[in-house]
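Biologist: I'd like to learn how to read salt bridges in a model. Can you walk me through it?

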Amino acid sequence: MRVLVTGGAGYIGSHTLLELMGQGHEVCVLDSYINSSKEVLNRVRTLSNGHLTDHEGDVRHTAALDRAMDDFAPDAVIHFAGLKAVGESEEDPLGYYDVNVGGTLGLLKAMDRVGCGKIIFSSSATVYGEPVYLPYDEAHPTQPTSVYGRTKLMAENVLTDWAKANPQKTAVLLRYFNPVGSHPSAQIGEDPSDIPNNLMPFIAQVAVGKRSHLSIFGDDYDTPDGTGQRDYIHVVDLARAHVMALDYAASHQGARPFNIGTGQNYSVKEMVSAFEKACGKQIPTKVTPRRAGDIASMLADASRAKAEIGWSATHTLDDMTASTWAWQSTNPNGYD
């Protein structure tokens, strides 16, 4: 299948490129490189020993989209391009709606112009909001507590209506939990362009000496140790989910959401301890006030993905922390 990957030079996108190429798919990347590096694609080419087409452009820009669509003529699109920090979204709501919703609208219009009717969407478990029950299944009410989560839910609604309007179209909505870890080669991994907004890359930067300590945003949540609990998933497992979602999309129509998680959650303090085991160092921490938009606990019921797509997670917490440390210690300054 010919697959256009928006945001393909990003953390999850780059790992997905390797999985796609490993399964024989032809791939083309559209990326603005605002939060990523062109070096990522060089490493993907080396690791895959394969051909990779790329276009520099923003999903909000019609000319860039049309150029990529016309040149590559994709059979399907995997849509990663977007902004993803909960805290930042509260400070810049218009920017988040512009990129995450406006970019999705522009992409769908470009797909319609070339007759491409299949899309795999990078969504988020933040669409659920405060849990009415745990684990979350796909029937759980969607009441996001952050601007970021609301932009993802709005984009899901757009995709659902787009698919409903034409029975030949397919939108697979992958609701990620918390991606962590790196490729076993330690050649690609998570490389935030600024201060990390996610837990694992921040811990890794503390361990490698780039940061003095980890701030724990609240230790008074209703959890066993007071710190927030999340369902962490290895990025390679997540990348595999996209390839399997493509296979699903080839024989299904309409819009369908799927949780992509492990069904096991860990607190911030547990993640710090696990990383200390992986790197052999103590991680200094300081407790600070809660962050706006954060909730106490998240946990996935991913049984639908297993039943309908054939996907389930295989990597352990030790795999996640060890691969993250391998990446960060091999590349202390990321791709620079």
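Modeller: A salt bridge here is a side-chain nitrogen of Lys or Arg within 4 Å of a carboxyl oxygen of Asp or Glu. The general idea is that side chains of opposite charge can pair when their charged atoms come close. Keep in mind that this is a predicted model. One case to look at is the network of salt bridges that links Asp58, Arg60 and Asp98.

Biologist: How many salt bridges are there by this rule?

Modeller: The count comes to 16.

Biologist: Which residue does Arg2 pair with?

Modeller: Arg2 pairs with Glu26, and their closest N and O atoms are 2.8 Å apart. This pair links distant parts of the chain, since Arg2 sits in strand S1 and Glu26 in strand S2, 24 residues apart. Arg2 is partly exposed at 25% relative accessible area, and Glu26 is partly exposed too, at 44%.

Biologist: What about Glu39 and Arg43, how far apart are they in helix H2?

Modeller: They are four residues apart in that helix, so about one helical turn separates Glu39 from Arg43. Their closest N and O atoms are 3.1 Å apart in a salt bridge. Glu39 is partly exposed, with 27% relative accessible area.

Biologist: And is Arg43 buried or exposed?

Modeller: Arg43 counts as buried because its relative accessibility is 15%, and the cut-off for buried is under 20%.

Definitions and conventions:
Residues numbered from 1 in each chain as written. Predicted model: local features only at pLDDT ≥ 70, side-chain atom pairs only at ≥ 80, totals over all residues. Heavy atoms only, no water. Helix = DSSP H or I, 4+ residues; strand = E, 2+ residues; numbered from the N terminus. Buried < 20%, exposed > 50% of the residue type's maximum accessible area, 1.4 Å probe, protein only.
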